[in-house]
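Here is a short briefing on one protein model. Keep the structure open as you read, and find each residue as it comes up.

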Amino acid sequence: MSWGYKPNNGPQKWVENFPIADGVRQSPIDIVPGQASYDAGLKPLNLKYDPSTCLDILNNGHSVQVTFADDTDSSRLTDGPISGLYRLKQFHFHWGASDDKGSEHTVAGTKYPAELHLVHWNTKYASFSEAASKPDGLAVVGVFLKIGGENPNLQKLLKAFDTIKSKGKQTSFANFDPSTLLPGCLDYWTYDGSLTTPPLYESVTWIVCKEPITASSAQMAKFRTLLFSADGAAPDCMVNNYRPPQPLKGRAVRASFK
Ligand SMILES: NS(=O)(=O)NCC1=CS(=O)(=O)c2ccccc21
Ligand SMILES: [Zn+2]
């Protein structure tokens, strides 16, 4: 049986097949603002996304992901805590069964209802797959979702959910600009971590935005209509697809803001 988020295959069991789960730079973490150190050397994030690189939206059985053409530098991240240029590969979300949980990172113990991950890979490597296992291979921008007014940019994604309800379903998804899902203020925390799903590679420079974006409670409910299960199998709601915070193990968390 493959990994998931249930008691018999969830985060507490991943170490059996992925021993790095007990590694020294695992993600997510609880971010304690008072313990983060302001680093004046951190540059502002420089994100430039080209909507024409948006390809499709997929239910991968763990989350809903939007995939981008990464054969050119047109959707990419530079500056911030990283050096070089990282190309956008995909973005996806993690969310709860109710509005009181769902994010992977927490802020002084506070859970948000969901968290967006924009996954980028270092172009010093030839591909995502090559970069994914390197210590400086990936940079993931995390954005918290909080309950508020309806988010019209999120609505464009949610409209596609009915056609990708079950695992393995995908549909074309064009001209979406992921920068519409970024908060107005790009202040961030950054630390060295890992993928939060198997294979849990310790290859991620995490960049977690301080300011959340909003989603309405109805929009959050729409995420919960997706299924972990494939068409024809017993319907298994896609909820609580988040890994809880992991030990910091001496790592520093830096803040780009005072
Ligand atoms: N939440 S997370 O972002 O740390 N992990 C997601 C992840 C795990 S993956 O290696 O399957 C993969 C392939 C392509 C893009 C992302 C991923
Ligand atoms: Zn993620």
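A residue counts as buried under 20% relative accessible area, as exposed over 50%, and as partly exposed in between. C237 has a relative accessibility of 43%, so C237 counts as partly exposed. Bear in mind that this is a predicted model.

**Cysteines**

- A disulfide is a covalent bond between the sulfur atoms of two cysteines.
- The structure holds zero disulfides.
- For a disulfide, the two sulfur atoms must be within 2.5 Å.
- C54 is buried, at a relative accessible area of 5%.

**The zinc site**

- Which protein atoms are donors of the zinc ion (ligand 2)? They are NE2 of H92, NE2 of H94 and ND1 of H117.
- The site of the zinc ion (ligand 2) has four donor atoms, and the angles among them are 97 to 118°.
- That makes the site tetrahedral.
- Along the chain, the donors of this zinc ion are spaced as H-x1-H-x22-H.
- H92 and H94 are both buried.

**Aromatic rings**

- The count comes to 13 aromatic pairs, taking ring centres within 6.5 Å as a pair.
- In one pair, W95 and F223, the ring centres are 5.0 Å apart and the planes meet at 50°, so the pair is tilted.
- W95 sits in strand β7 (residues 85-95), while F223 sits in helix α3 (residues 217-223).
- The pair therefore ties together parts that are 128 residues apart in sequence.
- Is W95 buried or exposed? W95 is buried, with a relative accessible area of 0%.
- F223 is buried too, and its relative accessible area is 0%.
- One aromatic cluster is formed by F68, F91, F93, W95, F161, F173, F176 and F223.

**Lysines over rings**

- K134 lies over the face of Y125, 5.4 Å from the ring centre.
- K210 lies over the face of F257, 4.7 Å from the ring centre.

- Where does P51 lie? P51 is in the loop between β3 (45-48) and β4 (54-59).
- P51 is partly exposed, at a relative accessible area of 26%.
- Leaving out residues up to four places away in sequence, P51 touches N175, F176 and D177.
- F176 also belongs to the aromatic cluster.
- P51 and A114 are 63 residues apart in sequence, and 23 Å apart in space, C-alpha to C-alpha.

**Backbone details**

- The peptide bond from S27 to P28 is cis, with omega near 0°.
- P28 is placed in the segment before β1 (30-31).
- P198 and P199 are also joined by a cis peptide bond, with omega about 10°.
- P199 is in the loop between β12 (188-193) and β13 (204-209).
- A108 is not a glycine, yet its phi is positive, near 50°.
- A108 is in the loop between β8 (106-107) and β9 (114-122).
- A108 counts as exposed, at 53% relative accessibility.
- N175 is not a glycine either, and its phi is positive at about 55°.
- N175 lies in the loop between β11 (170-172) and β12.
- At 58% relative accessibility, N175 counts as exposed.

Technical notes: Residues numbered from 1 in each chain as written. Chains lettered and ligands numbered in written order. Predicted model: local features only at pLDDT ≥ 70, side-chain atom pairs only at ≥ 80, totals over all residues. Heavy atoms only, no water. Helix = DSSP H or I, 4+ residues; strand = E, 2+ residues; numbered from the N terminus. Buried < 20%, exposed > 50% of the residue type's maximum accessible area, 1.4 Å probe, protein only. Contact = heavy atoms within 4.5 Å. Donors = N, O, S within 2.8 Å, 3.2 Å for Na, K, Ca; no water. Tetrahedral: all angles 85-135°; square planar, octahedral: opposite > 155°, others 65-115°. Phe/Tyr/Trp six-rings, centres within 6.5 Å; stacked < 30°, edge-to-face > 60°. Lys NZ or Arg CZ within 6 Å of the ring centre and 35° of its normal.
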